[in-house]
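Subject: Structure handover

Hello,

Below is the structure for you to take over. My notes on what was found in it follow.

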Amino acid sequence: MNKFQISCIDNDCVSLFQPFWGEHGLSFLVEMDEQGILFDTGTSGEIVSHNLQVLNKDLSRVTHIVLSHGHYDHTGGLEWALSNTNHPKVVADPAAFVPKFSRRNNQEKNTGIRLTEEDVRKKADLILTTEPMRITEGVTASGRVPRLNNFETTPDTMLVKNESGELVKDEFIDDLSLFLETENGLVVLLGCCHAGLVNTLAYAQ
């Protein structure tokens, strides 16, 4: 049965008196015997790089970078990650690259991916899919998660630009998770899980 080591590389919080750095962001390194998968890239390459050094790890075995969705705090370190891997496959939903914003006090803030699809394709094999995708043995990217209930909703303050250029409520259709088949059963690795935890776990089952 598959065995994985999952390391949190970037997170909002770090313990006191530890050498790790924290920021508003998220990144996990999933390692198998001869392969690694980077799930999200945090907000900055600086934090990811530092924490990898503390853990005595690097991205040399990373073959895939999977983006849970298109917000800056999960993709801000993507440029650094692409520069420190060997032309990996980048897996994301097509809607991940749609311009995204947040609105507070009638002010819009850009919250989307800083790189364009063209930027990513220069350094990676970009795979945009809405369907579940087998990354490697025992690892599947969920693809789009069906919304099966009416109680897991998205906030009105999060916006996306539609095809007409208008800002509308972001339903986070680009949200995906990783499903890991382990000796102890199915493990679901989440980003923000904007699709809803109940929806995602039901889909994983």
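In strand β13, leucine 178 stands opposite alanine 141. Please keep in mind that this is a predicted model.

Sheet

Strand β10 (residues 139–141) is joined to β13 by 3 bridges, and the two run antiparallel. They belong to an open sheet of 4 strands, ordered β9-β10-β13-β14, with antiparallel pairing.

Salt bridges

The search of the whole structure gives 9 salt bridges.

Glutamate 181 and arginine 134 meet through their side chains in a salt bridge, at 2.6 Å from N to O. Glutamate 181 is in strand β13 (residues 178–182) and arginine 134 is in strand β9 (residues 133–136), so the pair ties together parts 47 residues apart in sequence. Glutamate 181 has a relative accessible area of 31% and is partly exposed. Arginine 134, at 46% relative accessibility, also counts as partly exposed.

The side chains of glutamate 31 and arginine 61 form a salt bridge as well, at 3.3 Å from N to O. Because glutamate 31 lies in strand β2 (residues 27–31) and arginine 61 in the loop between α1 (45–54) and β4 (62–66), this pair ties together parts that are 30 residues apart in sequence. Is glutamate 31 buried or exposed? Its relative accessibility is 12%, and the cut-off for buried is under 20%, so glutamate 31 counts as buried. Arginine 61 is at 32% and counts as partly exposed. Glu31 and Arg61 are also joined with Lys57 into one network, through salt bridges that share partners.

Lysine 89 and aspartate 125 make a further salt bridge with their side chains, at 3.6 Å from N to O. Lysine 89 is in strand β5 (residues 89–92) and aspartate 125 in strand β8 (residues 125–128), so the parts tied together are 36 residues apart in sequence. Lysine 89 has 33% relative accessibility and counts as partly exposed, and aspartate 125, with a relative accessible area of 34%, is partly exposed too.

Pockets

The largest pocket holds about 190 Å³ of space. Its lining consists of 14 residues, with Ala95, Val98, Val160, Lys161 and Ile173 nearest the centre. β11 (158–161) and β12 (167–169) each supply at least two residues of that lining. By type, the lining of the largest pocket has 6 nonpolar, 1 polar and 7 charged residues.

The second largest pocket has a volume of about 160 Å³. Which residues line the second largest pocket? They are His24, His69, His71, Tyr72, Asp73, Ser102, Arg104, Lys109, Thr111, Met158, Cys192 and His194. α2 (72–75) and β6 (100–104) are the elements that give two or more residues to this lining. The lining of the second largest pocket divides into 3 nonpolar, 6 polar and 3 charged residues.

Regards

Terms used:
Residues are numbered from 1 along each chain as its sequence is written. This is a predicted model: local features need pLDDT of at least 70, side-chain atom pairs count only at pLDDT 80 or more; totals for chains, interfaces and linings use all residues. Side-chain values use heavy atoms; hydrogens and water are left out. On a 1 Å grid over the protein atoms alone, a cavity is a set of points where a 1.4 Å probe fits but cannot get out, and a pocket is an open set with protein on both sides within 12 Å along at least five of seven lines; lining residues have an atom within 4 Å of a point. Grid points are joined across faces, edges and corners, and a volume is the space filled by probe spheres set on the points. Ala, Val, Leu, Ile, Met, Phe, Trp, Tyr, Cys and Pro count as nonpolar, Asp, Glu, Lys and Arg as charged, and the others, Gly among them, as polar. A salt bridge is a side-chain nitrogen of Lys or Arg within 4 Å of a carboxyl oxygen of Asp or Glu. Buried means under 20% relative accessible area, exposed over 50%, partly exposed in between (1.4 Å probe, protein chains only). Two strands pair if DSSP finds at least two bridges between them.
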